[in-house]
Amino acid sequence: MNPTTSANPTDPTAPSAPDAEEISTEKIATEKTAFDTGKADGKADSKGTDGADDRADDGAGEALAETEDLDPDDFDDPAKEPSGLGAAASAVAATALGVVALTGSWTGKFAAERETLIGQIKTSSNSTAAQQISEIYGDAWHSTALVNGLFALLALLAGVFALVRPAFGAPSAHPQPGWVRAVATAGIALGVLGLVISIGMYFDLIVPLPTAGAAQ
């Protein structure tokens, strides 16, 4: 053994090995610093993403509120707009009824034949000519005029309805077709003409009933 070499391990002049406890403490402090830095970065990224999402949600909410504030009446609803079918049908019906009022119908013919039969039953062989003319011919003539007058009145009412229909109900963005107004006007004209003729026939103003002297 070399006497010049010191064998005491606690010699203060000899270099000491690194302390294990200090190394562990420094390592934990470094890892904690790195963890805190990463956590802070993650919070910043999350905050930025959440802010963008919040702004997007706010924009969507405002758009939805503006849509709900809109009045449904501002939009055109085709279901509320009148189709004009009723006015067109009334115009055609007015013209047809006017033609029937002028030319006659099976209803008027049936009423005339019925009155003729009743007149024949009422009169007898000893009845005067004036009575036979009034009961057999006059009543049948008046019945025909009455039926034709009713058709003329219906034609007049239908034509007027076709013309004034757009003034009632929901307003339409489209004006009434010209052919509807023309046909309705024609129906009114035919109705007025048929009504005048029927009144003249009923009161014997156009063609008077034959008299007993003329019959003899």
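Predicted model: local features only at pLDDT ≥ 70, side-chain atom pairs only at ≥ 80, totals over all residues.
A crossing of two helices counts as left-handed if the near helix is turned anticlockwise from the far one by less than a right angle, and as right-handed if clockwise. Residues are numbered from 1 along each chain as its sequence is written, and side-chain values use heavy atoms, with hydrogens and water left out. Helices are DSSP runs (H or I, at least four residues), numbered from the N terminus.

**Helix α4 itself**

**α3 against α4**
- α3 (residues 106–122) packs on α4 at about 155 degrees, with the axes 8 Å apart (axes are lines fitted to C-alpha atoms over the stretch in contact, and angles run from 0 to 180 degrees between N-to-C directions).
- That makes the two roughly antiparallel (over 145 degrees; under 35 is roughly parallel, 65 to 115 roughly perpendicular and the rest oblique).
- The α3 and α4 crossing is right-handed.
- Residues in contact (heavy atoms within 4.5 Å) include Glu-115 and Lys-122 of α3, and Glu-135 and Asp-139 of α4.
- By class, this contact has five nonpolar, seven polar and four charged residues (Ala, Val, Leu, Ile, Met, Phe, Trp, Tyr, Cys and Pro are nonpolar, Asp, Glu, Lys and Arg charged, and the others, Gly among them, polar).

**α2 against α4**
- α2 and α4 also pack at about 155 degrees, with axes 7 Å apart, so they're roughly antiparallel.
- Their crossing is left-handed.
- Among the residues that meet are Leu-97 and Val-100 of α2, with Phe-151 and Phe-161 of α4.
- The contact of α2 with α4 has 13 nonpolar, five polar and no charged residues.

**α2 against α5**
- α2 (residues 85–103) and α5 (residues 178–202) pack at about 30 degrees, with axes 7 Å apart, and are therefore roughly parallel.
- This crossing is left-handed.
- The contact includes Val-92 and Leu-102 of α2, plus Trp-179 and Ile-197 of α5.
- It splits into 16 nonpolar, five polar and no charged residues.
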